Amino acid sequence: MDKNWENQLQSIWLKLGTISSEEFIGQIKNHVELLTETDSQAIADFEKACAFDSTGHEQEAEPLYRSALEKGLTGLRRRRARIQLASTLRNNGKIEESIHILREEKAHYSDELDDAVDSFLALSLSSSGEYKEALSLALKAVSKHLPRYNNSLSRYAENL
């Protein structure tokens, strides 16, 4: 896998929504077949999962996310796979597993996707009826990005 492969992948992703879902998924599948290294099979499964997920095929995405993680997906793609798997699980009615995965991510990892973890955890908590905790997480995530009222909103979120 090289920079050119990644650039070509991004070019395919830019087509999402401008071509049919079937054509998009087909282009992703064809592109990941170019990966030859054994450890790249985790990346291939992840990218296929993303393609299915992004086109509304969560049932097909779930086993591919799991496979990518089992095959040792690393780095930012691993974090994305966990977030996206949790979102897919929520959409597939497996809310408690979704919450478990996102709480685990929140407790053990930190990077530029922390607010995404909190946002998707808020969605899962809301789906399970935990509205106050969900709102608190969402407000805390948003408060970091406001030009003003950051501290006030963060305090309100803490008090929910």
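Where is Leu146 placed? In this predicted model, Leu146 sits in the loop between α8 (131-143) and α9 (150-158). Its relative accessibility is 31%, so Leu146 counts as partly exposed. Together with Val142 and Tyr149, Leu146 makes a nonpolar surface patch of about 300 Å².

Helix α5 (residues 75-91) and helix α7 (residues 114-127) have axes that come within 10 Å and cross at roughly 15°. Angles under 35 degrees count as roughly parallel, and α5 and α7 are therefore roughly parallel to each other. Their crossing is left-handed.

Side chains of opposite charge can pair when their charged atoms come close. With a side-chain nitrogen of Lys or Arg required within 4 Å of a carboxyl oxygen of Asp or Glu, the count comes to 17 salt bridges.

One of these salt bridges joins Glu6 and Arg77, with the closest N and O atoms 2.9 Å apart. The pair links distant parts of the chain, since Glu6 is in helix α1 (residues 3-13) and Arg77 is in helix α5, 71 residues apart. Arg77 has a relative accessible area of 14% and is therefore buried, the cut-off for buried being under 20%.

Because Glu105 lies in helix α6 (residues 95-108) and Arg79 in helix α5, the pair ties together parts that are 26 residues apart in sequence. Both partners are buried: Glu105 has a relative accessible area of 0%, and Arg79 has one of 2%.

Helix α6 is linked in turn to helix α8. Glu133 forms a salt bridge with Arg103, and the closest N and O atoms are 2.9 Å apart. Glu133 lies in helix α8 and Arg103 in helix α6, so this pair ties together parts that are 30 residues apart in sequence. Glu133, at 32% relative accessibility, counts as partly exposed, and Arg103, at 37%, also counts as partly exposed.

Which residues do salt bridges with shared partners join into one network? The network consists of Arg78, Arg79, Arg82, Glu104, Glu105, Asp111 and Asp114. The Glu105 and Arg79 pair described above, between helix α6 and helix α5, thus has its two residues in this network.

Conventions. Residues are numbered from 1 along each chain as its sequence is written. This is a predicted model: local features need pLDDT of at least 70, side-chain atom pairs count only at pLDDT 80 or more; totals for chains, interfaces and linings use all residues. Side-chain values use heavy atoms; hydrogens and water are left out. Patches are made of residues with over 30% relative accessible area and no salt bridge: like charges are joined within 9 Å, nonpolar side chains (Val, Leu, Ile, Met, Phe, Trp, Tyr) within 5 Å. Accessible areas come from the Shrake-Rupley method with a 1.4 Å probe; for residues, only the protein chains shown count as cover. Helices (H or I, at least four residues) and strands (E, at least two) are DSSP runs, numbered from the N terminus. Buried means under 20% relative accessible area, exposed over 50%, partly exposed in between (1.4 Å probe, protein chains only). Axes are lines fitted to C-alpha atoms, for helices over the stretch in contact, and angles run from 0 to 180 degrees between N-to-C directions. Angles under 35 degrees count as roughly parallel, over 145 as roughly antiparallel, 65 to 115 as roughly perpendicular and the rest as oblique. A crossing is left-handed if the near helix is turned anticlockwise from the far one by less than a right angle, and right-handed if clockwise.
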